[in-house]
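Hello,

Here is the structure we talked about. Please open it alongside this note; my findings follow below.

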Amino acid sequence: ILPTSITWDYKVKNSFYKVYPDEPIQDSNTFLDLDTFRKYMDVDDFLTLEKTETWGFKTPFKIFDKVIFSPGYVLTKVNEKNKEYFEKQEVDYDKSLNQDIGASLNFQVAKWFQPSVIYSVNTKETYDLNYSSDTANIIYPGQKKYIERTGTTEFTWNLQARDIVNSPYLKSLNFTTSYRMQDSDAYSNVEKDFSSIGFAVDKLWIRGNLMKDILPTYSTSTYTVKSVVQRDDRRIIGRYNPFETFDLQGALLPIKTMTLSFTFTEGEEESYITGTYKDAYTKTWPDILIGFSRLEKIFDTQLISDTQLNLKHNKKTSTVANASYEDSIMYGGDYKFKILKKVDTLFETAITTTQETDLSKRILIGEGETFEWAVQGALDIKQWRMSLRYENSQQWEKNSTGNLSSQIFANNVTGQITSDLLFPSGMKVPFFGVIPLKNRIIFDSSIFYKTQSSAVNVEDNNLQNYGLKI
């Protein structure tokens, strides 16, 4: 097993600040006066000198033509030498460090089983640059640092049913699954001598190897745990055309075009951030989209064409342990078609209901509902496209006492004219004839009028806006 290629990289960058001499340096007789340039740019004579070094490599492997393994590594370190802070003394200290380690695995075991795994961990160190030159309390920069680590591991797998079952009724059925682990921890006031990087397991894998568990071995002073976060996300996406194999014609043709898309999403998170613990769980299911096209065949009419109907529904729940429970349910849809094959028309609507419960007191602390609908029409006249859209929304929210805390009614009308004009033979201007300019002009103008009213929050939610953009 040998790598297919090896890529190494090393970069160094010096940035320095210095005071130029009071009197100009005499020109030299060397080629391009390089000696004088070197004297002006003398790196030894500096006030501050910042050095940035970057090391990196990437070397993919191919194992038995079934597995492709691609690891990578990048380390960037910034160091500074300073003669300004302390008189007649040069101070050398680190400013920052950044390590990125990553790898990907692509399996090609079988036609139906070709998953991939992506792994990465990033470690950042930022040093405290505060200093004091007071002889009674000298503090050198770079003695303490802030450390932050983030790690991600994701497994994905695309499955086509036809790769497993040779059936014409399942040829369009496919799934995409993914599982993602995300971990992070952060610490402040850490001793400069503690090393957070390397290739040890506790430096490469955060989960189960929190830095706070190994810091006491290296640190002689008190450090602060700023955050610890552990999150798991699972997702399954499916798509299916259940009737595409059936020979349906005429008024039954829209059934043949039916598409079904569904998504299941689930996430768990445990966190400790600035002294606050949180245990949360979220789930979105069902999340369904059902689509139909060619609906004009039902009515056997030439008045409308290119029809597309989409029906949507999703439910999202969120639970914070011993704190709150929230749910949101949405039903909606949209209908697109053309009138006389010229006017693009769209109708869409959605209704969303929400509820929030205090789990510690077991009472309903809030609920609400939003109803929205819109209609839009667009027409192309030569190179110009004109559209008009009307939107209406009605929203209310109630607090734990059952009283309205918010109620908003909104209307919005928007008109738009756009065009993409080309003049390959020149531009014709009144009174001036044809100007030989071969240009392209994109014209985009809009006008809008919006009203919003509320009997609950009169001062904040009652408004009337209008405008023109050319």
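Predicted model: local features only at pLDDT ≥ 70, side-chain atom pairs only at ≥ 80, totals over all residues.

Strand E10 covers residues 259-273 and strand E11 covers residues 276-293. The two run antiparallel and are joined by 13 bridges.

E11 also pairs with strand E12, residues 304-320. That pairing is antiparallel too, over 12 bridges. Within it, threonine 284 stands opposite lysine 316 in E12.

Next, the largest pocket. Its volume is about 240 Å³. The lining has 19 residues. Glu372, Trp373, Ala374, Arg389 and Asn392 lie nearest the pocket centre. By class, the lining splits into five nonpolar, seven polar and seven charged residues. Strands E13 (324-339), E14 (343-358), E15 (363-381), E16 (384-399) and E17 (404-422) each supply at least two of the lining residues.

How many cavities of 30 Å³ or more does a search of the whole structure find? One. The largest cavity has a volume of about 70 Å³. Residues lining this cavity include Tyr119, Gly151, Met181, Asp183, Trp205 and Arg207. Its lining counts six nonpolar, four polar and two charged residues. Strands E6 (116-127), E7 (144-160) and E8 (174-191) each give at least two residues to that lining.

Best wishes

Notes: Residues numbered from 1 in each chain as written. Heavy atoms only, no water. 1 Å grid on protein atoms, 1.4 Å probe; cavity = no way out; pocket = protein on both sides within 12 Å on 5 of 7 lines; lining within 4 Å. Points joined across faces, edges and corners; volume = space filled by probe spheres on them. Helix = DSSP H or I, 4+ residues; strand = E, 2+ residues; numbered from the N terminus. Nonpolar A, V, L, I, M, F, W, Y, C, P; charged D, E, K, R; others polar. Pairing = 2+ DSSP bridges.
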